[in-house]
Amino acid sequence: INKNGSYMYRYKMIKGLTKYANKFSLYGFNWEKRQIPFDLIGIAIIKRIRFLEKLLKKIYSFYFAPLGKFTKAKNKLETLKKYQFSIVFEPTIGKFNSICEKIFDPMLSGTIPIYYGQPYLKDIPSNTYIRIEKTANPSDIIEIIKKTPIKKIKTYRNNIYKFLTSKSADKYRFQTYAEFIVSVLIK
C-alpha cells in the first residue's frame, strides 16, 4: 500500500466508529463488499485485469473485512446538514500537500469537519475544522462529539462562514479551478 495513503487508518477508524451506532452514522455504498485499498500502487491497472482484481480482493478481505450495508445518502450536502460533525479523510497525505473536496463539503453544509489530512493547509484557518492525527482512535472521535460545547460549535460555524465568504477561499472554488483549466487548455 502506498506510504502516503490513508486507507488503512481510515478503515480501522471507520470500523471502530461503527461500534458507536448511537453517536456515529455511516453512509455510502459497497461497504458490504470486498475492497482493494484505493491507495494500492497500480490500482488503475489492477482494476482492469479481472483475475488480478478478484485475487487481490480475496487476499485483502483477510485484512479489510466488509463492514456491512449502510444507507446511501441521496444528497451529500443535505445529509451532512443533519449533523454537527463529519469525519473526513484525505486519500493521500503529504504528497504534493494536495487537498480534495473532503474538508469543504462539511463546511458548506454547516457541519464541522473532523479532519485527517495534510499537515499544512494554506489559507484554511485552523479554527474552521478539528484536526486529528494518526494516533487518534474511535473513542477520541466520540469524545470530541460528546464534549464539544454548543458555544464552541457555534464559534466553529461562525469561523467557517467567515472563511467561506473570504477572499482566501476563492482559490478553492470551482470557478477558480475551471478558469485555470480553461486557461491551460487555451495556451
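Reader: What space lies in the largest pocket?

Author: About 1400 Å³ lies there. Rolling a probe the size of a water molecule over the atoms shows where empty space is left. A pocket here is an open set of points on a 1 Å grid over the protein atoms alone, where a 1.4 Å probe fits, with protein on both sides within 12 Å along at least five of seven lines. Its volume is the space filled by probe spheres set on the points, which are joined across faces, edges and corners. This is a predicted model, so local features need pLDDT of at least 70 and side-chain atom pairs count only at pLDDT 80 or more, while totals for chains, interfaces and linings use all residues. Residues are numbered from 1 along each chain as its sequence is written, and side-chain values use heavy atoms, with hydrogens and water left out.

Reader: Which residues of the lining lie nearest the centre of the largest pocket?

Author: Lining residues have an atom within 4 Å of a pocket point. There are 47 of them, and R10, L26, Y27, W31 and I87 lie nearest the centre. Two or more lining residues come from each of α1 (7-17), α4 (76-80), β1 (85-89), α5 (104-109) and α6 (138-147). β1 gives the most, with 5 residues. These names follow DSSP runs, numbered from the N terminus: helices are H or I with at least four residues, strands are E with at least two.

Reader: Now the whole chain. How many helices and strands does the protein have?

Author: It has 8 helices and 3 strands. From the N terminus on, the order is α-α-α-α-β-α-β-β-α-α-α. The C-alpha atoms fill a box of roughly 55 × 50 × 30 Å along the principal axes. Buried means under 20% relative accessible area, exposed over 50%, and partly exposed in between (1.4 Å probe, protein chains only). Of the 187 residues, 36% count as buried.

Reader: Which residues have the most contacts inside the largest nonpolar core?

Author: A nonpolar core is a set of buried Ala, Val, Leu, Ile, Met, Phe, Trp, Tyr and Cys residues joined through side-chain atoms within 4.5 Å. The largest one has 44 residues, and M13, I87, I103, M107, I114, I124 and I132 have the most contacts inside it. Elements giving two or more residues to this core include α2 (43-46), α3 (50-60), β2 (112-116) and α7 (150-164). α1 gives the most, with 6.

Reader: What does I124 touch?

Author: Contact means heavy atoms within 4.5 Å. Not counting residues up to four places away in sequence, I124 touches I99, I103, F104, M107, Y129, F163 and Y172.

Reader: Which residues are buried in α6?

Author: An α-helix has 3.6 residues a turn, so residues three or four places apart point the same way. In α6, P138, I141, I142 and I144 are buried. They lie on the same side of α6, because they cover an arc of only 155° around the axis. The arc is that of the directions from the helix axis to the C-beta atoms. These buried residues pack against α1, β1, β2 and β3 (130-131).

Reader: What covers the buried residues of α1?

Author: The cover includes β1, β2 and α6. The buried residues themselves are Y7, Y9, Y11, M13, I14, G16 and L17.

Reader: What is the phi of N30?

Author: Most residues other than glycine have a negative phi, and most peptide bonds are trans. N30 has a positive phi, near 70°. N30 sits in the loop between α1 and α2 and is partly exposed, at 27% relative accessible area. D123 also has a positive phi, near 75°. D123 is in the loop between β2 and β3, partly exposed at 32%.

Reader: Is N159 buried or exposed?

Author: N159 is buried, with a relative accessible area of 14%. N159 belongs to helix α7. Beyond four places in sequence, N159 touches N127 and T128.

Reader: Where is L77?

Author: L77 is in helix α4 and is partly exposed, at 32%. Leaving aside neighbours within four places in sequence, L77 contacts D105, L108 and S109.
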